[in-house]
Amino acid sequence: MELNKELNKSTAKSQGKLAETIRENNKPAFWFLMPSLLILTLFTFYPMIMTVYNSFFATNIRGESAKFVGLGNYLDIFKDPLFLQSLTGTLVYVVAFALATIVLGVILARLATMKLRRISWFQTAFAGTMGTSAAAASILWLFLFDPSVGLASFALKALGVTNANLLVDPTGAMIVIVLASVWMALGFAFLILLSAFQSVPPEYYEVADIAGWSQFKQTLKITVPMISPTLFFLFVVEIIDGFKMFAQIDLITGGGPNNATNFLAYKIYQDAFAFHNFGTASAESIVLTVIIALATWVQFHFTERKVYYA
């Protein structure tokens, strides 16, 4: 009994010293983390909390909570035809943007892995869009489709298109926004997919060549399964980026024509800073966050099951 008591005392004393040592060692780490924690608190956590808070209030022009309305803001936005139009347009855009970016990224990455002359030049060109800011790229696409001086407008007129000014047509404006967004995102997708292609063992393709498989069959049976983790990662990232898209709309179409490109992120900006309806904008922000979270959950819950991890 005496021996057990001594052992317990010794163990408790050792554990106490260990806990004290850990606390002492953690102090420098806490001070190193303090600047990041302050920035996150000021610019991420506090705005998130205030957004949730303001979504339950009607706010005045200064953004101050004036009257508690509960779920009133949420009910109002789902009765608003402009919000429903914005939501529908956003979903169409996100699907078109994500699919086009990944399909083109796969095609370009596959071409870049072929043993062709000056392929390194093409690899640099394909990835070059990563070095272009969203603002500069948006202005570039705005000039491309300008009806007076735009090269794309001239090309459409030469092909016999009667309405070459796509930016005044709802469908045309959507196409321009998708094209501009895909062009800007393609560099990142290409680089990620190129590294995935290069990680596939060449022996697999050699065996497939001996078996007489076509390039299409090799891509379907070898390449796609081997790069499926990268494809899954890109789907998640591109869909999230699609929901947050803002710069292209602001600089190319301004949400028009007829609100055809007034997607959720831009509508939130307009309601908050143009119309000073901060309560409605906060509710729309929460809805957008929930949609992104649900889209991500669906991908992890269903799509990841088909991912092959070698």
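Modeller: A charge is said to sit over a ring when NZ of Lys or CZ of Arg lies within 6 Å of the ring centre and within 35 degrees of the ring normal. This is a predicted model, in which local features need pLDDT of at least 70 and side-chain atom pairs count only at pLDDT 80 or more, whereas totals for chains, interfaces and linings use all residues. Residues are numbered from 1 along each chain as its sequence is written, and side-chain values use heavy atoms, with hydrogens and water left out.

Biologist: Which residue lies over the face of Y205?

Modeller: R110 does, at 5.5 Å from the centre of the ring.

Biologist: How is a pair of aromatic rings described?

Modeller: The description rests on the distance of the centres and the angle of the planes. Rings of Phe, Tyr and Trp (its six-membered ring) pair if their centres lie within 6.5 Å; planes under 30 degrees apart are stacked, over 60 edge-to-face, and the rest tilted. There are 15 such pairs in this structure. One of them joins F57 and F68 edge-to-face, with 5.3 Å between the centres and 75° between the planes.

Biologist: Where in the chain do F57 and F68 lie?

Modeller: Helices (H or I, at least four residues) and strands (E, at least two) are DSSP runs numbered from the N terminus. F57 belongs to strand 1 (residues 57–59) and F68 to strand 2 (residues 65–68), so the pair links distant parts of the chain, 11 residues apart.

Biologist: Is F57 buried or exposed?

Modeller: Buried means under 20% relative accessible area, exposed over 50%, and partly exposed in between (1.4 Å probe, protein chains only). F57 counts as buried because its relative accessibility is 15%. F68, by contrast, has a relative accessible area of 55% and is exposed.

A tilted pair is formed by F246 and Y266, with 5.5 Å from centre to centre and 40° between the planes. F246 lies in the loop between helix 9 and helix 10 (247–253) and Y266 in helix 11, so the pair ties together parts that are 20 residues apart in sequence. F246 is partly exposed at 27%, while Y266 is buried at 6%.

Biologist: Which residues do ring pairs link into a cluster?

Modeller: The cluster consists of F246, Y266, Y269, F273 and F278.

Biologist: Let us turn to the backbone. Which two residues does a cis peptide bond join?

Modeller: The bond joins G256 and P257, with omega at about -10°. P257 is in the loop between helix 10 and helix 11, and N258 is found in that loop. N258 has a phi near 55°, a positive value in a residue other than glycine, and is exposed, with a relative accessible area of 63%.

Biologist: What is the phi of H276?

Modeller: H276 has a positive phi of about 55° although it is not a glycine. Its place is in the loop between helix 11 and helix 12, where H276 is partly exposed, with a relative accessible area of 33%.

Biologist: Finally, which residues lie nearest the centre of the largest pocket?

Modeller: A pocket is an open set of points on a 1 Å grid over the protein atoms alone, where a 1.4 Å probe fits, with protein on both sides within 12 Å along at least five of seven lines; lining residues have an atom within 4 Å of a point. Of the 24 residues that line the largest pocket, P47, M48, T51, I268 and S285 lie nearest its centre. Helix 1 (2–54), helix 11 (264–274) and helix 12 (278–302) each supply at least two residues of this lining.
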